[in-house]
Amino acid sequence: MTSASDVVVVGAGLAGLSCARDLEAGGATVTVLEARPRVGGRVEQVDLPDGRVVQLGGEVVGNAHTSYLGLVAELGLTLTASYVAEPGEITRQVPGSVDVGAWPSWCTQADRASYDDVEAALEKVLATIDPADPWSCPDLERLDRLSLGGWLREVGATPHVQRLFELVHLSLADGSIERQSLFAYARKTVVGGTTGSYDVEQWENLRVAEGSATVALTLAAGLQDVRLSTPVRRIRVRRGGCTVTTYDGEGLRADAVVLAVPSGPARDIDVDGVSEARLTSLRRQRHAPAAKLVAAYDDSFWRARGQNGLSESEGVIGSTWPQQQGVLSALVPPERYAGFVATDPVTRTREALAQVAEMFGPEATAPLQTWTRLWGTDPWTQGYVTSWHPGDVLAVGPLHGTHEPPFYVCGSDQWVAGYMEGAVRTGRSTAAAALAEPDGK
């Protein structure tokens, strides 16, 4: 048994690191345990020989991501425009069609009018949800059990408008509109401060110039005790003394424990001394299985074709976007994940780049280097953003986002407006809650 800390934080992603930072600033002694040999979780970066810093995980944030933006400012890092500043137009790829421009060729004037009607109907739904008290929504049960796709049909969206919405959600890799709770989608939108459907000019218009993973690295560098390659097997929660046991059998004592890992890895940890209702709520949450592919090139060749590198697709890759000069990111959505991981790495990369070439030209097949992150099957991640299927909000229930001292929970969460924002916002609020306990822990 090692010496005691005031708090043990399990997980060194953005949530755990931001929580630990605020705890230490409040006078607590903190030990952070991380299963991986690095910090950051789903934010990660590598350096190219020419000096470019390539992001292999989360990259972009928006105006409403106030906790993340505030933390970046506190750390002395720099915000700059994201891919929204890239010249050119968006590309949409469906079988038999590659369209460049605001509207694909298969959308008619009637579809555009229908889209406007849907936006107006969505605004009415959003008006019924208080982001600070979502459980007070008078139509909560119906909206949660209704899928976004079902609601689109309910309000009379044309088939092409439904297809446009599906393309957006494939591109976000958070699940099909048929497997997405309307209430969860609407509540996230309200928290994000917008009144309509997903708007990249508001949700994804900023990035950290030094690299998003630099946020995690800077946080970790300022902490007293971060232990890497130290996965946790068991957490024993007791007032007056908690014990965290690692896979190698080491026991760490603490007055409080913060669980700051995604719901999949959290289910793999044996937690004792916490109410069954709390554990049921925690374990019921799910994350979308998804993958990220990044390809680095000498230059942004797509610009010569009038394209901005941003795409939405019905292929194995659901979206692409330029993260910087000559670097293209792509997401594989949950509905395509099994097909992507079912083959060997060389084949999956070749097939993915062939799809990108159909949209942007043959140069896409000859990158300088590529990287793939299989978040859906990574044992320490087991998914990407939070995925709220119809009925999930009710199943997880109002214990979500609350604590049972001396046991606290924080983490990446789409429910909070975006997964990096969700990590930082819940991490910092968890630290505040722990420091506010009568015994100071």
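## A first look around the model

Let's start with Gln-382, which is partly exposed, with a relative accessible area of 26%. Here buried means under 20% relative accessible area, exposed means over 50%, and partly exposed falls in between (1.4 Å probe, protein chains only). This is a predicted model, so local features need pLDDT of at least 70 and side-chain atom pairs count only at pLDDT 80 or more, while totals for chains, interfaces and linings use all residues. Residues are numbered from 1 along each chain as its sequence is written, and side-chain values use heavy atoms, with hydrogens and water left out.

Helices (H or I, at least four residues) and strands (E, at least two) are DSSP runs, numbered from the N terminus.

Pro-406 sits in the loop between helix 14 (392-396) and strand 20 (407-409).

**Helix 7.** This helix is mostly covered: 10 of its 10 residues are buried. Among them are Leu-182, Phe-183, Tyr-185 and Arg-187. At the start of helix 7, a side-chain oxygen of Ser-181 comes to within 3.2 Å of the backbone nitrogen of Phe-183. Just after the helix, Gly-193 takes a positive phi of about 85°.

An unreviewed UniProt entry lists Glu-34, Ala-35 and Val-232 for "binding site". Although they are spread over 199 residues of sequence, they cluster in space, with a largest C-alpha distance of 8.1 Å. UniProt positions are given in the numbering used here, feature names are shortened, and annotations may be inferred rather than shown by experiment.

Glu-34 lies in the loop between strand 2 (30-33) and strand 3 (45-47), and at 5% relative accessibility Glu-34 counts as buried. A polar atom of the Glu-34 side chain is 2.8 Å from the backbone nitrogen of Arg-36. Contact means heavy atoms within 4.5 Å. Not counting residues up to four places away in sequence, Glu-34 touches several residues, including Gly-11, Gly-13, Arg-227 and Pro-231.

Val-232 belongs to strand 11 (residues 232-236) and is buried, with a relative accessible area of 7%. Leaving aside neighbours within four places in sequence, the contacts of Val-232 include Val-10, Leu-33, Tyr-247 and Ile-269.

On a 1 Å grid over the protein atoms alone, a cavity is a set of points where a 1.4 Å probe fits but cannot get out, and lining residues have an atom within 4 Å of a point. The count comes to two cavities of 30 Å³ or more. The largest cavity has a volume of about 100 Å³. Its lining includes Ala-184, Tyr-185 and Lys-188, which are also among the buried residues of helix 7. Other lining residues include Asp-174, Trp-388 and Trp-415.

Technical notes
Polar contact = N/O pair within 3.5 Å; in protein donor to acceptor, adjacent residues only side chain to side chain. 1 Å grid on protein atoms, 1.4 Å probe; cavity = no way out; pocket = protein on both sides within 12 Å on 5 of 7 lines; lining within 4 Å. Points joined across faces, edges and corners; volume = space filled by probe spheres on them.
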